[in-house]
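Welcome! Take a look at the structure below, and then we will walk through it together, topic by topic.

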Amino acid sequence: MAEGDPVVITVAPTGPLTTRKEHPRVPLSPAEIGAAVAEAAEAGAAVAHIHARDGEGLPTADPAVYAEIVREIRSRCDIVVQASTGVGLDVTPEARVDIVGSGDVDVTMATLNPASMTFGQGTFHNPPWFVERLAEIMRERGIHPELEVYDFGHVGLCLDLVRRGLVNEPLQFSFVMGVRGGMPGDPALLPQLMAMLPEGTMWQAIGIARAQLPLSFAALALGGNLRVGFEDNVYYRRGQLADSNAQFVRRAVELVHTAGREPASPGWVRERLGVT
Ligand code: KMH
Ligand code: ZN
């Protein structure tokens, strides 16, 4: 991020794992997600990272549900919409290709997870054929990849996709920290991760659970962007659930202002990434 650039705040309101048991107001239906994202956009979020759930609240890659979520969001606000292609551990890579491959889901960005790994108690399947297929489809359709890395070796895999022309600059990385099976939620790792990136690469820190707030402070200090929301953390402070996703966004905006910066608008993000 260039000196003086605004800070991009992404809201991840749902995720694949958070249930009503963890938070009674996690938005699950397309209309609930649309309303939560609009409230977060009003609070200062520029990007919405979305996951879809089926009628039972389980993660789904059904393009029709994704398309419905996008419609619900777009009817309320102009936030940049980013589709998760990670979906959930039990959804196959074959099914996940359809999110960007079907042509029915009109999103500006989508995630690209470069490697398979242990994820909590399960396995997150991202075999090389799947990563390459997703990258090709996104390149063809002008969908900008959010490169989600959970460990140091994943950065190299992403840069290899760039070298092979499957992913184009400007690059946008997420350092996901605090997943069991990935790197720990330790802010001291950020400078080493940053050192692996080409100059001018945008990045954000995704801190899971109690790593969320310390990593937000560290990302701000080091020139990174912020992500908040019920996908990553439901506690506003120890023992106290957040009221809403927007409450997290409001706190992120406060941090940004305390750091003497401004939150980015959706328009700024589109211009910076060269997308419409
Ligand atoms: N579904 C999780 C296993 C993404 O959104 O692309 C990881 C995830 C990543 O949520
Ligand atoms: Zn996600």
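A backbone N or O atom of V87 lies 3.4 Å from a nitrogen atom of ligand 1, a polar contact in the sense of a pair of N or O atoms within 3.5 Å. On its own, ligand 1 has 300 Å² of accessible area, and the protein covers 97% of that (Shrake-Rupley method, 1.4 Å probe). This is a predicted model, in which local features need pLDDT of at least 70, side-chain atom pairs count only at pLDDT 80 or more, and totals for chains, interfaces and linings use all residues. Residues are numbered from 1 along each chain as its sequence is written, chains are lettered from A and ligands numbered from 1 in the order in which they are written, and side-chain values use heavy atoms, leaving out hydrogens and water.

**Around ligand 1**
- An N or O atom in the side chain of S84 is 2.7 Å from an oxygen atom of ligand 1.
- G86 brings a polar backbone atom to 3.2 Å from an oxygen atom of ligand 1.
- There are 15 residues around ligand 1, and H49, H51, S84, T111 and N113 come nearest (a heavy atom within 4 Å makes a residue near).

**The zinc ion**
- H49 (NE2), H51 (NE2) and E231 (OE) coordinate the zinc ion (ligand 2) at 2.1 Å; donors are N, O and S atoms within 2.8 Å of the metal (3.2 Å for Na, K and Ca), and sites may look incomplete because water is not among the atoms.
- Along the chain, the donors of the zinc ion (ligand 2) are spaced H-x1-H-x179-E.

**Buried or exposed?**
- H49 counts as buried because its relative accessibility is 1% (buried means under 20%, exposed over 50%, partly exposed in between; 1.4 Å probe, protein chains only).
- H51 is buried too, with a relative accessible area of 4%.

Notes:
A polar contact is a pair of N or O atoms within 3.5 Å; within protein, one must be able to donate a hydrogen and the other to accept it, and residues adjacent in sequence count only if both atoms are side-chain atoms.
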